[in-house]
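Please keep the display open while going through the numbered points.

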Amino acid sequence: MTSAQFDAGTEFDRQVQNLLAKGYPELANLSRQEFEERLAPLCEVAIAHGSSLAPPTPERAPFVLVVKMQLVPADRAMPLTALHGKHKPGFADFDPEDIARFEPIEELPVPDTPAYLVFGLERGEETLNVTPDDAMVAITARGRTSLTVEEGIGFITHFPESLEKNH
């Protein structure tokens, strides 16, 4: 598939359907329709900004639909993720209190909305086996930013093939 063949609208719809199938409306205490209505305005943004991007690979995603903790708490979303090819959700043991304590770095521009899109996510191959401080230096040097917990959950929720052992 070439970048000219990438259909951002279809990809957006796939990600919405993925969230619906995982039970996100119930986790947000919303009806399916209410949940979809909250996400619907983002479709135009996905099409406007995502259609020129390359299709996803395990190393990168053109965009990810991110659901913030104010809508679905991370400790309820995280157990719904799974390693690619695995049927059992939950790829790692985690302490819900640990996830709840993570907040975006002050410099990160995170929209004040219950859901948003983040474009051009990369898995970060160049930061394998690098300390967090050194990884931040490498990420910043490339003009990039780190991911929030919510963005990371979104990435592996929509692109489970991106989550590989030792990556």
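This is a predicted model: local features need pLDDT of at least 70, side-chain atom pairs count only at pLDDT 80 or more; totals for chains, interfaces and linings use all residues.

What volume does the largest cavity have?

1. Residues are numbered from 1 along each chain as its sequence is written, and side-chain values use heavy atoms, with hydrogens and water left out.

2. The largest cavity has a volume of about 90 Å³. A cavity here is a set of points, on a 1 Å grid over the protein atoms alone, where a 1.4 Å probe fits but cannot get out, and its lining residues have an atom within 4 Å of a point; the volume is the space filled by probe spheres set on the points, which are joined across faces, edges and corners. Of the 13 lining residues, Tyr24, Val67, Glu150, Ile153 and Gly154 are the closest to the centre. Helix α8 (149–158) gives the most to this lining, with five residues. Helices are DSSP runs of H or I with at least four residues, and strands are runs of E with at least two, numbered from the N terminus.

3. Four aromatic pairs are counted, where rings of Phe, Tyr and Trp (its six-membered ring) pair if their centres lie within 6.5 Å, and planes under 30 degrees apart count as stacked, over 60 as edge-to-face and the rest as tilted. The rings of Phe6 and Phe63 have centres 6.4 Å apart and planes at 65°, so this pair is edge-to-face. Because Phe6 lies in the segment before α1 (8–21) and Phe63 in strand β1 (residues 60–67), the pair ties together parts that are 57 residues apart in sequence. Both Phe6 and Phe63 are buried, meaning under 20% relative accessible area with a 1.4 Å probe and protein chains only. Together with Phe119, they form one aromatic cluster.

4. The largest nonpolar core has 26 residues, and among those touching the most other members are Phe12, Tyr24 and Phe35. Such a core is a set of buried Ala, Val, Leu, Ile, Met, Phe, Trp, Tyr and Cys residues joined through side-chain atoms within 4.5 Å. Helix α1 gives the most to this core, with five residues. A second, separate core of eight residues includes Ala61, Val64, Val118 and Phe159.

Notes:
Buried means under 20% relative accessible area, exposed over 50%, partly exposed in between (1.4 Å probe, protein chains only). On a 1 Å grid over the protein atoms alone, a cavity is a set of points where a 1.4 Å probe fits but cannot get out, and a pocket is an open set with protein on both sides within 12 Å along at least five of seven lines; lining residues have an atom within 4 Å of a point.
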